[in-house]
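Could you walk me through this protein for someone who has never seen it before?

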Amino acid sequence: MISLQGYNIQFQDQGFIQLKEQLRTGAYSKIFVLVDTNTEQYCLPILQKALMDYELNIISIEAGEAHKNIQTCQIIWTALMNQQADRKSVLLNLGGGVIGDMGGFCASTFKRGMDFIQIPTTLLAQVDASIGGKLGIDFALVKNSIGLFKNPKAVYLLSDFFDTLPQNELYSGFAEIVKHALIEDGRYFSQLLTSSNLANLVWEPIIAHSLSIKKKIVEQDPFEQNIRKSLNFGHTIGHAVESLSWETKLPLLHGEAVAIGMLTESYLSWKLTGLLETDLAQITTYLLRLYPSYDLTNLDPTAILALIRQDKKNEHNQICFTLLKEIGTFKINVHAEDELILEALNYYNQLTQGIKI
């Protein structure tokens, strides 16, 4: 268990014994479960079996980042309203990062706030979204541009759900584990270098270590005013590339886009914050081994820059990056000019020339 201010993260709650106790002591008027079309099929039966003594009201939405918008929120709010949810109800968010972000956002704004509990079913959601209380939706192709900070009542992590995931989803989540090591734990990154086949990994200690890094950062800066910006390493370019990929025939998973972001922002780190060229080469080689190459020439570089300018970390009309001083040490609020950002994108293109997904 990891304890944070106001809630706990429970590992391997087999049979959801702690969850059932929490629902009992919460004396909720109604229990709602938010799922998408994937988790409704593969994960909901596991939860329903564990909570067979409880009346569950199911709300199902379409799966995927493309549906993380205000229109889907209206569907959720309408379902809550039609089923007479009140502020003593609770919403269990059963799914990946989209379900957790959007479900928490809808619960926190419905009738000025009802409780919600996160049950992340993907590796990405377990290592990234389970700490920090960031909630929100995408707007105008800008990821998480509408939202708020609000902690859940609890988070329950069960690695059994990973058996329902395709391999690329596991690798997508692993990108956030790599990110945590790169910004805060160089020794751990050295250990990860031996991990390229994820099939046989024991996940609980890996997730726990990654979350301990994020916990330390978030507790020092809960509202992302300072060092919490370090967690955005790889996300400034990554988010822009991810958003634009949705409009192509080859949409990227979040972790795949973050891998591109980490590689290109490591290049910026070499140029701007003193990252050694040997470290850049090590990061580059490792990420290209883990993640399929993507043809960035299919994306308009002007559009990439336009989305980067909308990044929520930017200040005073300047693009702000979190970059690496060395592996395991970061620097926040580093400004980069458009020409250098394009140079970093070209670095990736040159590395992957002739190799496409």
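Predicted model: local features only at pLDDT ≥ 70, side-chain atom pairs only at ≥ 80, totals over all residues.

Let's begin with the empty space. Rolling a probe the size of a water molecule over the atoms shows where empty space is left. In this model, the count comes to 5 cavities of 30 Å³ or more.

The largest cavity has a volume of about 110 Å³. If you want to find it, look for Val142, Lys143, His239, Leu307 and Asp311, which lie nearest its centre among the 13 residues of the lining. Which elements each supply at least two residues of that lining? They are strand E8 (142-149), helix H10 (235-245) and helix H13 (301-309). Helix H10 gives the most, with 4 residues.

Now move on to the second largest cavity, with a volume of about 60 Å³. Its lining includes a set of glycines, Gly95, Gly96, Gly97 and Gly100, along with residues such as Asn93, Gln118, Ile119 and Pro120. Ala125, Ala129 and Ser130 also belong to the lining of this second largest cavity. Four elements turn up here with at least two lining residues each: strand E5 (90-95), helix H5 (97-109), strand E6 (115-120) and helix H6 (123-129). The largest share, 3 residues, comes from E6. By class, the second largest cavity is lined by 4 nonpolar and 7 polar residues, with no charged ones.

Next, step back to a longer stretch of the chain. UniProt, in an unreviewed entry, places the feature "domain: 3-dehydroquinate synthase C-terminal" at residues 173-314. What does the model show for residues 173-314 in terms of helix and strand? The span is 63% helix and 0% strand, and its end C-alpha atoms lie 25 Å apart.

Strand E10 (residues 320-326) and strand E11 (residues 329-335) pair in the antiparallel sense, over 5 bridges.

Note on methods: Residues numbered from 1 in each chain as written. Heavy atoms only, no water. 1 Å grid on protein atoms, 1.4 Å probe; cavity = no way out; pocket = protein on both sides within 12 Å on 5 of 7 lines; lining within 4 Å. Points joined across faces, edges and corners; volume = space filled by probe spheres on them. Nonpolar A, V, L, I, M, F, W, Y, C, P; charged D, E, K, R; others polar. UniProt positions renumbered as here; feature names shortened; annotations may be inferred. Pairing = 2+ DSSP bridges.
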